[in-house]
Amino acid sequence: MYPIHNYSEPRKFLVPEFIIGNDCYEMVDIYVETFLGRRVMIVTDPGVIEAGWADEVIKRLKIAGVEYTIFSDLTPNPKDYEVMKGVEIFNSEGCDMIIAVGGGSPMDCAKGIGISSTNMMHVLEFEGVDQVPQPAPPLICIPTTAGTAADISQFAIITDSDRKVKIAIVSKTVIPDISLISAKTTTTMSDELTAATGIDALVHAFEAYVSNASSPITDLNAIRAIDLVFKNLLKAIENPLDLTYRNNMMLASTLAGMAFSNASLGIVHAMAHSLGGFMDLPHGECNALLLENAVEFNYESSAEKYNIIGRTIGIRSEKNDEIKHELIDRIRDLRKSVGITQRLSDMGVKKDDIGKLAGFAIEDPCVVTNPVMPEISDLEKIYEKTL
Amino acid sequence: MKKHSDTKSVDELRNKIIGLGDKSARKSYYPQLQARINELEIAKKKAEESENRFKILLNSTSDGIFIYYSENGKLYLANETACRMTGYCHGDIENLSISDIHPLTYREKILKDFEIMKNGELRLLRNVPVKKHDGTIIYCEINASSLKMDDQDFIILAYRDVTEIRESELRQREIEKKLNEAQKLESIGIMAGGVAHDFNNILSVIMGLTEILLQQNSRDEKISPKLKKIFEASTRARDLIKQLMTISYHGNDEKKPSHLISVINESVAMMRATTPSSIKIINENPLCHDLVMADETQINQILINLFNNSVYAMPDRKGEIKIAYSNEYIDESSLKYYPLLMKGQYFTIEFSDNGTGIKQEIIDRVFDPFYTTKPKGEGTGLGLSIIHGIIKKHDGNISVESEAGKGTKFIIHLPIYEGEYMETKSDSTQINKGQGRIMVVDDEETLAEVNGEMLKLLDYDVTVITSSTDALNAFKEKPENFDLIITDMTMPELNGLDLAREILGIRPEIPVILCTGFSDQITKESAMTVGVREFLNKPVTLKNLAATVEHILSSE
Ligand SMILES: [Fe+2]
């Protein structure tokens, strides 16, 4: 049931300190005091404020008598200028720590603000791996979605608004100092958001599992996350206030985060980043649409692992071809059952865009950990099939 | 473009992603923190050292440094010298404003000056009075500059104590004034003396001829009284000339070691007789050294003049005149006050009265000749300048202190004579005739004739010659024909002294009398070494001539 690993290659496993459990966000003031925060910048977005999760944090800060500044002037797929605006406010308000409350966008934005402020550099200068010289101010993440796992990962994805490209900042310095993970915060998500983020978690687990940088530890997390998503995502949507499914989805997201943060991703994310950067399309949906064709492309190179995934989700076939098709069918069924039914063309992607999108995707660092190194034409074909 | 096609770069990137790149190694920020702390420690130490150096520098200067806030004048910092200078201690001084260390009356002005300095123009303030903690005033030179520290404007002031320099400058000015005064008096004296010399010669002729006429017409009731009046008037004129000549420093005098207290006592006794009895005269007679090389007549003259002045200063003839004596050693430090004196032991006379005093604005002029406050006809204005001249001739000093309405005090310093006191006999006053062959030499014909006539009157055998070369030739021809030579000093070609030298070269034992006028720069000592036997002061009187000639010829 377990793949054979080459232990001669030494591996590292990097996760932040995190607390997982309902209501744990109420401990936020303890950590603000521990990190000697005097003036906190709360990075969030209007939706989260509306859902009341920012207020939960402010309530605790008020009790602790800590001053705060709210920064919510940001959009999905956070842009470089939004980050720099946050840096300006962080500096001018004399803030000394950051609390990110929300999904991937506020958390990635908060990471960018932190490193840009201490290093006095533009956020785009950190593009690449290990390009951040100095650590950021203390960062507390309180995720309100189950999927992005920015509260776990050493990734921060920021859109370069000039080049219309998402850049990846990979560094230990963007790992939060503490994450307070409570599934209760995900009960306010819409069905669409639950679906999109849930599929994002599934893709994280899929890509980390078959990544050429996977390790026994990342495999354990990834395979368990795939299992949890298949068993709980639809039920979470059907019973949005049932904390059982929400907790399982949050666990799936966290495990998938631990996996992809250390094993990285593959062509689905490379291509989704390209779509997000170039056309500002939602990350979860793009992932959801691309996964099936990516599995088809990758299957040959990592059949053994895909077969284990298949067995994990209850596929009984023995032949590779059958397993592959059943696996793709199960993914398609899940996607459609949670309501993601459109195609890329429905989201405005034209055939003419494909060359450009593939060009950006082939340069994405996620490509290098894909089980097989694709040609640019391979990526073009996958885009075409997904149109 | 396919960036990731190169296997090597793909492997590298993958390695980095899975956290095995060089830069992925977990960083401990402790060393960085430690280094930063060390940096701060070093910076702190340097700051302390720098502050120490600044303190040492600040406190080593002899100037008082004050730093104050330019906006409100409050002191920010003062150095040790500033504290010592003003007598405040640290802690107290920082509570003051800059104007507090100046006298009340000066504050407004100094604040105005500082206001100008604030505008950046560097300025030096001179002789600014500074009020010390104990209230005493010192004078400072102030140098200012401005300074910006921590966004605050400051003014740095360097105070230099110039109190002593200022005093010595004032003293120096006083000394210069005194020297100028002395110089002025000297030149006036020379001028007066010059006039007196010529006048003296004229007077000699008048008096000589009058005396001769008097002798020849002593029984003529008609002419004799008139001649006597001419002689009396001439005598008064001669006395005035004598006084004029006393003003100058080169006049002849009869100095000898004298005990001045007894000399002054005699004068005082004389003045007592003529001073109204309502004026009290206190003459203290303490035990002190009073032996001074002095011309007693001139000392007497001083007393008479001082008495006259004091009595005049008591319009209601009531008051007190006090004469006191003491000894004073004039050393280096007291020379400041008496720049004309030499170091040494002095006999000091203080002559004071409680009369009307002298107004401050004219006190500098009282020794000027012909300067007088008396109405016309009551005084010549020569009194005090004569005193000044006499004292000058005695190598002494006279100074005056006076306050209008309270009285006047003259302080006279005369150098103590270190030699021995000698008794001298007073000359007889009788005119005696005698016998002898006398050669009279004077280039001024009338004078020569007058002297010749006087000697003839005394029955001497006289040869009058009006040229010194003729005289020498006459003597060379028959040296044995003369018993005595009387020659004038100042003559063309061969002066009196040279003639005496030539004559004495031929006949060393022959007596020579030298007649000297006021301007003759000759000391008795140098004339004596040539062999001159005696001196006669011009104008030569019959009495004097008779006594001198008789004395010399009788001792032959
Ligand atoms: Fe993702």
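Start in chain A. Select strand S2 (residues 39-43) and strand S4 (residues 97-102) of chain A: the two run parallel and are joined by four bridges. Strands here are DSSP runs of E with at least two residues, helices are runs of H or I with at least four, and both are numbered from the N terminus. Two strands count as paired if DSSP finds at least two bridges between them. Now pick Val40(A); its bridge partner in S4(A) is Met97(A).

Before going on, note that this is a predicted model: local features need pLDDT of at least 70, side-chain atom pairs count only at pLDDT 80 or more, and totals for chains, interfaces and linings use all residues. Residues are numbered from 1 along each chain as its sequence is written, chains are lettered from A and ligands numbered from 1 in the order in which they are written, and side-chain values use heavy atoms, with hydrogens and water left out.

**The sheet in chain A**

Six strands of chain A form an open sheet, in the order S1-S9-S6-S4-S2-S3, with parallel pairing. Go to its edges: S1 and strand S3 (67-71) of chain A each pair on one side only. From one strand to the next, the twist averages 15 degrees. Axes are lines fitted to C-alpha atoms, for helices over the stretch in contact, and angles run from 0 to 180 degrees between N-to-C directions.

Stay by S1(A) for one stop. Select Asp23(A), in the loop between strand S1 (18-20) and helix H1 (28-34) of chain A. Its phi is near 65 degrees, a positive value in a residue other than glycine. Asp23(A) counts as partly exposed, at 30% relative accessibility. The classes are buried under 20% relative accessible area, exposed over 50% and partly exposed in between, with a 1.4 Å probe and protein chains only.

**A cavity in chain A**

Next, select Tyr306(A) in helix H11 (residues 303-312) of chain A. Is Tyr306(A) buried or exposed? Tyr306(A) is buried, with a relative accessible area of 2%.

On a 1 Å grid over the protein atoms alone, a cavity is a set of points where a 1.4 Å probe fits but cannot get out; lining residues have an atom within 4 Å of a point. A volume is the space filled by probe spheres set on the points, with grid points joined across faces, edges and corners.

Which helix gives the most to this lining? H10(A) does, with four residues. Helix H6 (191-210) and helix H10 (283-298) of chain A each supply at least two. The lining divides into seven nonpolar residues, one polar and one charged. Ala, Val, Leu, Ile, Met, Phe, Trp, Tyr, Cys and Pro count as nonpolar; Asp, Glu, Lys and Arg count as charged; the others, Gly among them, count as polar.

**The largest cavity, in chain B**

The structure holds seven cavities of 30 Å³ or more. The largest has a volume of about 60 Å³. To find it, select Asn201(B), Ser204(B), Asp442(B), Leu447(B), Asn451(B), Cys515(B), Lys538(B), Pro539(B) and Val540(B), which line it. Color helix H5 (163-216) and helix H10 (445-457) of chain B: each supplies at least two residues of this lining. By class, the lining has four nonpolar, three polar and two charged residues.

**The sheet in chain B**

Now show an open sheet of five strands in chain B, in the order S7-S9-S10-S12-S11, with mixed pairing. Its edge strands are strand S7 (279-283) and strand S11 (397-403) of chain B, each pairing on one side only. The twist averages 20 degrees from one strand to the next. Zoom in on S11(B) and strand S12 (residues 407-415) of chain B: they run antiparallel, joined by seven bridges. Ser402(B) stands opposite Thr408(B) in S12(B).

**Last stops**

Select Asn127(B), in strand S3 (residues 124-131) of chain B. Its phi is positive, about 50 degrees, although Asn127(B) is not a glycine. Asn127(B) is partly exposed, with a relative accessible area of 38%.

Finish with the cysteines. How many disulfides does a search of the whole structure find? Zero, over all chains, where a disulfide is a pair of cysteine sulfur atoms within 2.5 Å. Take Cys89(B): the nearest cysteine sulfur, that of Cys83(B), is 7.5 Å away. Cys89(B) counts as partly exposed, at 44% relative accessibility, whereas Cys366(A) counts as buried, at 3%.

Technical notes:
On a 1 Å grid over the protein atoms alone, a cavity is a set of points where a 1.4 Å probe fits but cannot get out, and a pocket is an open set with protein on both sides within 12 Å along at least five of seven lines; lining residues have an atom within 4 Å of a point.
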